[in-house]
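Me: I would like to learn how to read this model one feature at a time. Please give the general idea before each case.

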Amino acid sequence: MTRMTNPPVRLGVRLVGAAAIALGMVVAACSPLLVGGRNIDGSKWIATSIAGRTPVQGFEPTLMFDGGRISGSAGCNGYVGQEAVQIDGNRIALGEILSTAAGCLQADGSATPGMQIEPAFLSTLGAVDHIAFRDGDLVLSGGEDELVFAPMR
């Protein structure tokens, strides 16, 4: 019976190729989220404008970049990005965003003020494909609308 093995060179190429792929995956997972040379991973933001509307004070949506993913409050409900954020220059891909679906009611049974702007926030966030800084604020835009965020302190 003849035993067949891969030539050592070929096996070495396979191992090097697998190592390069694994290293590439690690580097991609650890790559900073750079916007204009500034790393935004670990940053927290509060919305100041949602599709041209000002959110109700105390119910402002938030945006956090943590570990390459997004999460925050949409004004009432929480949301989280299911995929790692990808930034290339001023282009951004957030991937699928999941949101809780609580009614967020006040004691009298009416919707909280946060519910008034939440649909516009989530809709605009879902359409985002550009990211930039404007006068120290973070601006996410897509289609005809934009979200403007001030840094949280």
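Reply: Start with the elements: helices (H or I, at least four residues) and strands (E, at least two) are DSSP runs, numbered from the N terminus. Gly67, for example, is placed in the loop between β4 and β5 (69-73). This is a predicted model, in which local features need pLDDT of at least 70 and side-chain atom pairs count only at pLDDT 80 or more, while totals for chains, interfaces and linings use all residues. Residues are numbered from 1 along each chain as its sequence is written, and side-chain values use heavy atoms, with hydrogens and water left out.

Me: How many helices and strands are there in the chain, and what pattern do they follow?
Reply: The chain has two helices and twelve strands. Along the sequence the pattern is α-β-β-β-β-β-β-β-β-β-α-β-β-β.

Me: How do I read strand pairing, and which strands pair with β12?
Reply: Two strands pair if DSSP finds at least two bridges between them. Strand β12 (residues 145-151) runs antiparallel to β3 (residues 44-50), joined to it by five bridges. In that pairing Ala47 stands opposite Phe149. β12 also pairs with β11 (residues 137-142), again in the antiparallel sense and over five bridges. There, Gly142 has Asp145 as its bridge partner. The β11-β12 hairpin has two residues between the strands, and Gly143 takes a positive phi near 65° in it.

Me: Which residues other than glycine have a positive phi, and where do they lie?
Reply: Most residues other than glycine have a negative phi, and most peptide bonds are trans. Ala51 is one case to look at, with phi near 50°. Ala51 sits in the loop between β3 and β4 and is partly exposed at 29% relative accessibility. The classes are buried for under 20% relative accessible area, exposed for over 50% and partly exposed in between (1.4 Å probe, protein chains only). Asp135 is another, its phi being about 50°. Asp135 belongs to the loop between β10 and β11 and is exposed, at 79% relative accessibility.

Me: What makes up the largest nonpolar core?
Reply: In soluble globular proteins, nonpolar side chains tend to be buried together. A nonpolar core is a set of buried Ala, Val, Leu, Ile, Met, Phe, Trp, Tyr and Cys residues joined through side-chain atoms within 4.5 Å. The largest one here has 23 residues, and those with the most contacts inside it are Leu63, Phe65, Leu125, Leu140 and Phe149. At least two residues of this core come from each of β3, β4 (62-66), α2 (114-127), β11 and β12. Leaving aside neighbours within four places in sequence, Leu125 is in contact with Ile70, Tyr79, Leu94, Ile97, Leu140 and Leu147.

Me: Is Leu138 buried or exposed, and what does it touch?
Reply: Leu138, in strand β11, is buried, with a relative accessible area of 0%.
Reply: A salt bridge is a side-chain nitrogen of Lys or Arg within 4 Å of a carboxyl oxygen of Asp or Glu. The structure holds one. The side chains of Arg134 and Glu146 meet in it at 2.9 Å, N to O. Arg134 lies in strand β10 (residues 130-134) and Glu146 in strand β12, so the pair ties together parts that are twelve residues apart in sequence. Arg134 is partly exposed, with a relative accessible area of 39%, and Glu146 is partly exposed at 27%.

Conventions: Contact means heavy atoms within 4.5 Å.
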